[in-house]
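This report describes selected features of one protein model. The sequence and the structure are shown first, and the description follows.

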Amino acid sequence: AASDSVSLTPSPAGKKTIEIWVPPQLDPSKNPTLATVLREKIDEFTQENPNAVISIRVKAESGNSSAFNTLSAAKNAAPEVIPSLAILSRNDMITAAQRGLIYPISTGIFTEGSTWFNYARKASLVDNLIYGIPIAGDPIVLGYRPSMTGSEVTNWEEILSRGLPIGFYPARPDDPFGAFIYLSKGGNMIDDLGRPWLDQSLLTSTLELFLTGGQQGAFPPSLAMENNPDRNMQLFLEGAMHMIVTHLSNFRYNQRTDTAAIPLPIDPEIDRYPMVNSWNIVLTDSNPNVQNLAVKFAEKLAAPAFNDRWTQILGFLPVRTSDLESWEKDPFYDSMRFIAERAELIPVNNVLNAVLPSINSSITSVIRTSSLPEDAARSAVEALDK
């Protein structure tokens with residue numbers, strides 16, 4: 001996708017331009033409410049720092065023109081196009097830090113630890129150094145249509161007993177739903193040496209849930225054929241499907257008056273809500289004079305009152321625990337708190353890339369009834385060991 005450039009402030013001579021690259025979800029030109037809130041924050045910042053100008057450029061989330069790939073290509077070939085700041089997903093931030101594309105951040109913003117959700121503080125770190133200022137989390141949730149399901153869908157037994165197909169993509173190696181179930185049961189994806197790993201008994205238990213759901217009609221074999229990420233959402237919005245597993249931000253973006261979302265059920269004894277992605281502002285300019293101004297602006301985007309407003313507008317998890325006035329008026333507030341207080345970040349790419357395909361292929365074979373859960377789990381573990 002081509003990048004749009006949205007400069008929210010003209011750039012007079014003699015001023016330092018702080019350019020920030022943002023993903024399409026945070027494009028202010030597509031959301032007037034977000035644009036207004038952001039404009040207020042930018043005006044506040046430029047009044048405090050009259051020598052600064054803020055420029056926003058929208059970069060694709062993936063592909064050649066994504067922020068991460070453009071940074072990689074520009075590092076040696078075209079350093080002049082590198083911005084001051086970029087907003088990267090959790091795993092893009094880790095890879096960028098490892099490749100020297102971004103710089104550690106010197107900030108005192110985390111000194112009041114209790115004002116941050118735990119997942120967000122963890123999201124700032126790569127190898128125990130602060131490389132990002134987190135501004136949002138994005139969990140997966142269950143979207144549903146209460147008029148068709150009834151409102152009492154709070155645990156897997158109730159959800160599966162409806163016999164309504166639940167949209168997800170077991171045929172896609174990167175679909176996070178199966179991994180969510182496995183991790184929420186207490187599973188791990190790495191062994192004691194940090195290598196990709198699966199617990200065979202917990203994976204069997206995970207697959208038994210999919211077998212039960214398959215027998216009740218919640219996970220029909222046809223789900224294992226579908227590979228288009230937008231297809232299930234389209235069916236859900238059209239009313240042809242009444243339950244869907246999707247990211248909270250995607251659900252909120254597409255939300256209709258007859259749809260609602262709940263946290264995916266988790267084991268209360270394990271009490272963790274896994275597979276949460278984070279969005280983090282990272283420092284991409286090596287010039288110390290620019291860095292100081294850029295970090296000041298990044299800190300503003302994680303200030304509690306602002307973070308509350310813009311995450312509620314877009315449907316992300318906030319990163320701060322205080323000043324949640326916009327969220328408190330939101331019907332999803334209690335669910336948001338439930339998730340944010342238990343959120344666990346998604347595993348790193350090399351672990352995900354090794355483990356997710358094994359989990360998803362085992363789910364596919366179970367809902368197609370070509371394998372029993374214990375056999376599919378054994379095959380998945382053996383495939384990892386090769």
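What volume does the second largest pocket have? The second largest pocket has a volume of about 610 Å³. This is a predicted model, in which local features need pLDDT of at least 70 and side-chain atom pairs count only at pLDDT 80 or more, while totals for chains, interfaces and linings use all residues. Residues are numbered from 1 along each chain as its sequence is written, and side-chain values use heavy atoms, with hydrogens and water left out.

**Pocket and cavities**

On a 1 Å grid over the protein atoms alone, a pocket is an open set of points with protein on both sides within 12 Å along at least five of seven lines, a cavity is a set of points where a 1.4 Å probe fits but cannot get out, and lining residues have an atom within 4 Å of a point. Grid points are joined across faces, edges and corners, and a volume is the space filled by probe spheres set on the points.

The lining of the second largest pocket comprises 24 residues, and Lys-122, Glu-344, Leu-345, Ile-346 and Pro-347 lie nearest the centre. At least two lining residues come from each of helix 3 (90-98), helix 4 (118-123), helix 14 (333-342) and strand 13 (343-345). Helices (H or I, at least four residues) and strands (E, at least two) are DSSP runs, numbered from the N terminus.

Two cavities of 30 Å³ or more are found in a search of the whole structure. In its classes, Ala, Val, Leu, Ile, Met, Phe, Trp, Tyr, Cys and Pro count as nonpolar, Asp, Glu, Lys and Arg as charged, and the others, Gly among them, as polar.

| Space | Volume | Lining residues by class |
|---|---|---|
| Second largest pocket | about 610 Å³ | 13 nonpolar, four polar, seven charged |
| Largest cavity | about 130 Å³ | 13 nonpolar, no polar, no charged |
| Second largest cavity | about 80 Å³ | eight nonpolar, two polar, three charged |

Of the 13 residues that line the largest cavity, Val-22, Leu-26, Leu-38, Ile-87 and Leu-301 lie nearest its centre. Strand 2 (16-22), helix 1 (32-48), helix 11 (288-301) and helix 12 (304-314) each give two or more residues to this lining. Helix 12 gives the most, with three residues.

The second largest cavity is also lined by 13 residues, and those nearest its centre are Glu-61, Ala-67, Ile-87, Leu-88 and Trp-279. Helix 2 (67-77) and strand 4 (85-89) are the elements that give two or more residues to it. Strand 4 accounts for the largest share, three residues.

**Strand pairing**

Strands pair if DSSP finds at least two bridges between them. An open sheet of four strands has the order 9-10-8-11 and mixed pairing. Its edges are strand 9 (166-167) and strand 11 (260-263), each of which pairs on one side only. Strand 9 runs parallel to strand 10 (residues 243-247), to which two bridges join it, and Gly-167 stands opposite Ile-244. Helix 9 (residues 231-238) packs on this sheet, touching strand 8 (140-144), strand 9 and strand 10. Contact means heavy atoms within 4.5 Å. The direction of helix 9 makes about 130° with that of strand 10; axes are lines fitted to C-alpha atoms, for helices over the stretch in contact, and angles run from 0 to 180 degrees between N-to-C directions.

Elsewhere, strand 2 pairs with strand 3 (residues 52-58) in the parallel sense over seven bridges, with Ile-20 opposite Ile-56.

**Burial and backbone**

Buried means under 20% relative accessible area, exposed over 50%, and partly exposed in between (1.4 Å probe, protein chains only). Five of the seven residues of strand 2 are buried, so this strand is largely enclosed by the rest of the structure. Helix 7 (residues 177-184) is likewise largely enclosed, because eight of its eight residues are buried. The buried residues of helix 7 pack against strand 8, helix 6 (156-161), helix 8 (200-216), strand 10, strand 12 (273-283) and helix 15 (349-367). Just after helix 7, Gly-186 takes a positive phi of about 100°.
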